[in-house]
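Here are my notes on this model, point by point. Please read them with the structure open.

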Amino acid sequence: MQLNFTPKSDLVRVLIERGHVYQATNLAGLDAAALKGPISGYIGFDATAESLHVGNLVQIMTLRRLQQTGHRPIVLMGGGTTKVGDPSDKTAQRPLLGDQDIAANIAGIRRAFTPFLTFGEGAAEALMLNNAEWLEKLGYIEFLRDYGVHFTINKMLTLEFVKSRIDNEQSLTFLEFNYMLMQAADFLELHRRVGCTLQFGGSEQWGNIVNGIDLIRRVAGVEAFGVTAPLVTTSSGVKMGKTVAGAVWLNADLLSAYDYWQFWRNTEDADVGRFLRLFTDLSIEEIARLEALGGAEINEAKKVLASEATRLLHGPEAARAAAGAAKASFEEGRLSEDLPAVEVTSQQLAGMSNTALMVLAGFATSNSDARRQIAGGGFRIDGRKVADANALVAISDGEVELRKGNARKRLVVTPGRT
């Protein structure tokens, strides 16, 4: 974005040079506020799945930048708002989840933040709160009286996602319409409880963030700030984290450190520098050196990106193991003990189709997905391309390499187990 001032605070300078700023309500004002002392900023995460994915990582890294520059990040879990569902980036209403599903999802999502943030009670230590603490205590009349009075239907109808739903004749329920009031109430409540004056979010959250800032100004008489990050897409236009096999999850029980490393290793050439700035802690100078590499040397920069991103999430040992396994498999032509393993018994293997094996190995999300990939020539067993999706698996007991494109796994067959 174009600036008409030179940032003096580490916070605003780092956010800009790392690529975290798409829109801001008053960036110069935020810069001045950050110079006066630690400020608190938050991002809300609704509990719609059991883990966050790479598409959420830019927001997590934004909170990390906030803490790295001496300020306090707040992770707001949407235990209350998940029951409504954010309509901002959707063309249809989300499925409504019950209390047990939401609680289980929150437990899984929490794990994604501990590698990136330091939690505690200090001025620059992260907090994790749940908006169910206050939203579920509000009565309907109380909610309308305390918050609804500050919003006009006229303005709410001008929000982009509302206009899009109406223009496309897609339904927008009254329940969803209330979401923007609930998010604004969150910002005000966080200001009251912990002095929060800054909200981050994705670009689709701009309208909701501005509503919260207006509410704080009307009720508390103070200025708050909002910053949105750009929607991260690859150079080919694919939304960040979307792959043929599904979402790139941040929880290790859903996606191994090796597969996470491979995801970053397969970054498109044109995206390497941008992703190094957004998703690693490498210095700007080192990133400039790496993104200037040309030809085949850019692959070395991709390996650095993969190792640094994996180190942040899974730790240095897992990153080294993943890099070593990839080197052994791709550069040395041998199987590594650190390759992810899929263990099946001889009995299970008998009568198993190539399609079923591909799904079991995590290379496909469904039988139909596996058949499409096999038809495209993307699946190999021991180096041999699989041509018939319905044919039985033709391997014997032992260790066998499975390969899908540039991703590899090892199938471990245990003789005699039942």
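1. Burial and overall make-up. A residue is called buried under 20% relative accessible area, exposed over 50%, and partly exposed in between (1.4 Å probe, protein chains only). Buried residues make up 49% of the 418 residues in the protein chain. The model is predicted: local features need pLDDT of at least 70, side-chain atom pairs count only at pLDDT 80 or more, and totals for chains, interfaces and linings use all residues. Residues are numbered from 1 along each chain as its sequence is written, and side-chain values use heavy atoms, with hydrogens and water left out.

2. Secondary structure and contacts. The protein chain has 19 helices and 13 strands. These are DSSP runs numbered from the N terminus (helices: H or I, at least four residues; strands: E, at least two). Contact means heavy atoms within 4.5 Å. Among contacts between residues at least 6 apart in sequence, 73% join residues at least 24 apart.

3. The sheet. In what order do the six strands of the open sheet run? The order is β1-β6-β5-β2-β3-β4, with mixed pairing. Strands β1 (23-24) and β4 (127-130) stand at the edges with a single partner strand each, so one side of each has no neighbour in the sheet. Pairing here requires that DSSP finds at least two bridges between two strands.

4. Strand pairings. β2 (residues 40-46) and β5 (residues 198-202) are parallel, over two bridges. Here G41 is opposite L198 in β5. β5 and β6 are also parallel, over five bridges. G202 has A229 in β6 as its bridge partner. β1 and β6 pair in the antiparallel sense over two bridges. In that pairing A24 stands opposite V227 in β6.

5. Strand β6. How many residues of β6 (residues 225-229) are buried? Five of its five residues are. Both faces are covered: F225, V227 and A229 lie on one side, G226 and T228 on the other, and all are buried.

6. Aromatic pair F45 and F113. Rings of Phe, Tyr and Trp (its six-membered ring) pair if their centres lie within 6.5 Å; planes under 30 degrees apart count as stacked, over 60 as edge-to-face and the rest as tilted. The count by this rule is nine aromatic pairs. F45 and F113 have ring centres 5.0 Å apart and planes at 70°, so this pair is edge-to-face. F45 counts as buried at 4% relative accessibility. F113 is buried too, at 0%.

7. Aromatic pair W264 and F275. The ring centres of W264 and F275 are 6.1 Å apart and the planes lie at 90°, so this pair is edge-to-face as well. W264 is in helix α12 (residues 257-265) and F275 in helix α13 (residues 272-279), eleven residues apart. Both W264 and F275 are buried. Ring pairs join Y260, F263, W264, F275 and F279 into a cluster.

8. Helices α10 and α11. Axes are lines fitted to C-alpha atoms, for helices over the stretch in contact, and angles run from 0 to 180 degrees between N-to-C directions. Helix α10 (residues 179-194) packs on helix α11 (residues 206-220) at an angle of about 50°, with the axes 8 Å apart. That makes α10 oblique to α11; under 35 degrees counts as roughly parallel, over 145 as roughly antiparallel, 65 to 115 as roughly perpendicular and the rest as oblique.

9. Residue M182. Beyond neighbours within four places in sequence, M182 is in contact with G80, T81, V84, L135 and F143. The C-alpha atoms of M182 and G212 are separated by 9.2 Å, at 30 residues apart along the chain.

10. Helices α12 and α15. The axes of α12 and helix α15 (residues 298-314) come within 8 Å and cross at roughly 140°. That makes α12 oblique to α15. This crossing is right-handed. W264 takes part in the contact from α12, together with A257, Y260, W261 and R265. Among their partners in α15 are L305, A306, A309 and L313.

Definitions and conventions: A crossing is left-handed if the near helix is turned anticlockwise from the far one by less than a right angle, and right-handed if clockwise.
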